[in-house]
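User: I'd like to go through this model with you and hear what stands behind the labels. Can you take my questions one at a time?

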Amino acid sequence: MTTPSNATIRKLSDSGNTITPAAEDIRGRTVVDKDGEAIGKVHDLLIDDEQRKVRFLLVEHGGFLGFGQTKSFIPVDAITKISEHEVVINHSREHVAAAPPYDPELIADPKYHSSVCGHYGYTPFWDETYTYPSNVVTVLAPHRIAVTCC
């Protein structure tokens, strides 16, 4: 495996970018597992400043009425379908729950990204053998990001 690039990963909400048209913004949509069970909501998108691509979903799940919620990174590679209200992934709820715990201090940490990718069975995006998922199309330009699938 190659070493991490100099790319900086950060939350879309902290980047100064927006998604246009607004209908393409998947934040707030329900994340559904491979068995059709709701996992949580897309809280934010993690973007790579170097290649200008979405790399991870930041998903909030669990809890009750906003209390006790946890967050997890899910690699964009896991997306199998995006609809008007849902983002479907090819992993189970249990697999997501067992992922490396979210820590906001690790958003830009390549070792953390590698452990998350490894948990889900994906090659880290900086590896020379990595190919961006063909079923997820992203268009990033200053102040505009669009994500579509399938």
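User: What makes the largest cavity a cavity, and what is its volume?

Analyst: The largest cavity comes out at about 40 Å³. It's called a cavity because, on a 1 Å grid over the protein atoms alone, it is a set of points where a 1.4 Å probe fits but cannot get out. Grid points are joined across faces, edges and corners, and the volume is the space filled by probe spheres set on the points. Searching the whole structure for cavities of 30 Å³ or more turns up one. Keep in mind that this is a predicted model, where local features need pLDDT of at least 70 and side-chain atom pairs count only at pLDDT 80 or more, while totals for chains, interfaces and linings use all residues. Numbering runs from 1 along each chain as its sequence is written, and side-chain values use heavy atoms, with hydrogens and water left out.

User: Which residues line the largest cavity, and how do they split by class?

Analyst: The lining is Arg55, Phe56, Pro75, Asp77, Cys117, Thr123, Phe125 and Tyr130; a lining residue has an atom within 4 Å of a point. That gives five nonpolar, one polar and two charged residues. For the classes, Ala, Val, Leu, Ile, Met, Phe, Trp, Tyr, Cys and Pro count as nonpolar, Asp, Glu, Lys and Arg as charged, and the others, Gly among them, as polar.

User: Why is the contact between Arg10 and Asp49 called a salt bridge?

Analyst: Their side chains meet at 2.9 Å, N to O. A salt bridge needs a side-chain nitrogen of Lys or Arg within 4 Å of a carboxyl oxygen of Asp or Glu, so the pair qualifies. Arg10 sits in strand E1 (residues 9-11) and Asp49 in the loop between strands E3 (38-48) and E4 (53-61), 39 residues apart; strands (E, at least two residues) are DSSP runs, numbered from the N terminus.

User: How do you know whether Asp44 is buried or exposed?

Analyst: Its relative accessible area is 2%. Buried means under 20%, exposed over 50% and partly exposed in between (1.4 Å probe, protein chains only), so Asp44 is buried. Asp25, at 19%, is buried too, whereas Arg27, at 26%, is partly exposed.

User: What makes Asp25, Arg27 and Asp44 a network?

Analyst: They are linked by salt bridges: Asp25 meets Arg27 at 2.8 Å, and Asp44 meets Arg27 at 3.8 Å. Asp44 lies in strand E3 and Arg27 in the loop between E1 and strand E2 (30-32), so that pair ties together parts 17 residues apart in sequence.

Key. On a 1 Å grid over the protein atoms alone, a cavity is a set of points where a 1.4 Å probe fits but cannot get out, and a pocket is an open set with protein on both sides within 12 Å along at least five of seven lines; lining residues have an atom within 4 Å of a point. Helices (H or I, at least four residues) and strands (E, at least two) are DSSP runs, numbered from the N terminus.
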